[in-house]
Amino acid sequence: MLSIDDVERAARTIAGRVHRTPLLRSATLSRELDADVRFKAELFQRTGAFKVRGALNRLAELTDEERARGVITISAGNHAQAVAWAAHEAGLDALVVSWRTADPSKMAATRGYGATVDQQADDPTSAFARLAELHEETGRTLVHPFEDLAVIAGQGTVGLELLEDGPAPDVVLVPVGGGGLVTGIATAVKARRPEVRVVAVEPELSPALHEGLKAGASVPVTPKSGADALNAPFAGERCVRVCAELGVESVLVDEDALADAFRWLYARMKLACELGAAASTAALLSGAVRVEPGQTVVAVVSGGNVASKQAAAILAS
């Protein structure tokens, strides 16, 4: 099991190597909701998303033998870039498995950080089969995007920061793909303030954690959301278990709500985030999550690696 000690250890491990991202208050949304609404702006993180926290923490624990073999991971973009950058900083060879329809700009950035990218798979589900094949074939060390305890602990440092850098929150909303970020945040937040509501927010078209929590175990889904960063074909087994034990709430938002939140963050907060990163804001704007008057609310804006064509299309619609 993951503990607050693991998250605090991760914070010490990555200290000075990641940005302490700002906690930005929205006077407009605070007035509308009669609450104190803040945004944890992880789009300003190194490589443009929270993922570098977990990647750095995982690579720091590698043995010399594991370092020599290099690392392998799977991702459509944010985790790919994080592992590629962290591996380059550590002098390691990295192989990233993705799929043919992955965002070209994210794949280009991953290659730019020095990683080799394999895109033979057609979709996220077949890419995991490709990952298993290459993992066995190459003997590289796997850095799983959302099922590795060290990675989850690293993501949990977002939770430590939002507790330390602002007023005590009553509600924390987190965008979810495979579940690593919300699991880490919930571990940190619930250990220090067990009364806080932690809410996992997913697209209706990519409900991996939502379905896992309903089933009581990780189950396969077919992700179809335009929010590519949240298109996990399943949630991590550990993530489902920990989120269930900690009482993490789960809500879904539709594609229109995601787009509305994307435009709102751009216009009102001047945050050029990616579509998936707007999920937590979408839950507030759409009413999928209701907050009480006077409560302090933190919405995590998880990344900013958005393709220019997608951003322009959403803003113009």
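Ala, Val, Leu, Ile, Met, Phe, Trp, Tyr, Cys and Pro count here as nonpolar, Asp, Glu, Lys and Arg as charged, and the others, Gly among them, as polar. Keep those classes at hand for the tour. The model is predicted, so local features need pLDDT of at least 70 and side-chain atom pairs count only at pLDDT 80 or more, while totals for chains, interfaces and linings use all residues. Residues are numbered from 1 along each chain as its sequence is written, and side-chain values use heavy atoms, with hydrogens and water left out.

**Stop 1: the enclosed space**

Select K51, G177, G178, A229 and L230. Of the 32 residues that line the largest cavity, these lie nearest its centre. A cavity is a set of points, on a 1 Å grid over the protein atoms alone, where a 1.4 Å probe fits but cannot get out; a pocket is an open set with protein on both sides within 12 Å along at least five of seven lines, and lining residues have an atom within 4 Å of a point. The structure holds 1 cavity of 30 Å³ or more, and the volume of the largest is about 410 Å³. Grid points are joined across faces, edges and corners, and a volume is the space filled by probe spheres set on the points.

What classes of residue make up this lining? There are 17 nonpolar, 11 polar and 4 charged residues. Now colour the helices α5 (78–90), α7 (124–138) and α10 (180–192), each of which supplies at least two residues of the lining. Helix α10 gives the most, with 3 residues. Helices (H or I, at least four residues) and strands (E, at least two) are DSSP runs, numbered from the N terminus.

**Stop 2: the largest pocket**

Next, select L2, D6, R9, A10, T13, N57, A60, E61, L149, A150 and A153, which line the largest pocket. About 160 Å³ of space lies in this pocket, and its lining divides into 6 nonpolar, 2 polar and 3 charged residues. Helices α1 (4–14), α3 (51–60) and α8 each supply at least two lining residues, with α1 giving the most, 4 residues.

**Stop 3**

Buried means under 20% relative accessible area, exposed over 50%, and partly exposed in between (1.4 Å probe, protein chains only).

Leaving aside residues up to four places away in sequence, V201 touches L173, V174, P175, V176, V251, V253, A279, S280 and A283.

**Stop 4: aromatic pairs**

The structure holds 4 aromatic pairs. Rings of Phe, Tyr and Trp (its six-membered ring) pair if their centres lie within 6.5 Å; planes under 30 degrees apart count as stacked, over 60 as edge-to-face and the rest as tilted.

Start with F39 and W264, a tilted pair at 5.9 Å centre to centre and 45° between the planes. F39 lies in strand β2 and W264 in helix α13, so the pair ties together parts that are 225 residues apart in sequence. Both F39 and W264 are buried.

Then move to F128 and F146, also a tilted pair, with 6.3 Å centre to centre and 55° between the planes. This pair ties together parts 18 residues apart in sequence, because F128 lies in helix α7 and F146 in the loop between β6 (141–142) and α8 (149–155). F128 counts as buried at 16% relative accessibility, and F146 is buried at 6%.

**Stop 5: helix α9**

Select residues 157–164, helix α9, where 7 of the 8 residues are buried. Those buried are T157, V158, G159, L160, E161, L162 and L163.

**Stop 6: two positive phi values**

Most residues other than glycine have a negative phi. Go to D34, in the loop between α2 (27–33) and β2, where phi is near 55°. D34 is partly exposed, at 47% relative accessibility. Finish at K270, in the loop between α13 and α14, with a positive phi of about 60°. Is K270 buried or exposed? At 64% relative accessibility, K270 counts as exposed.

Notes. Contact means heavy atoms within 4.5 Å.
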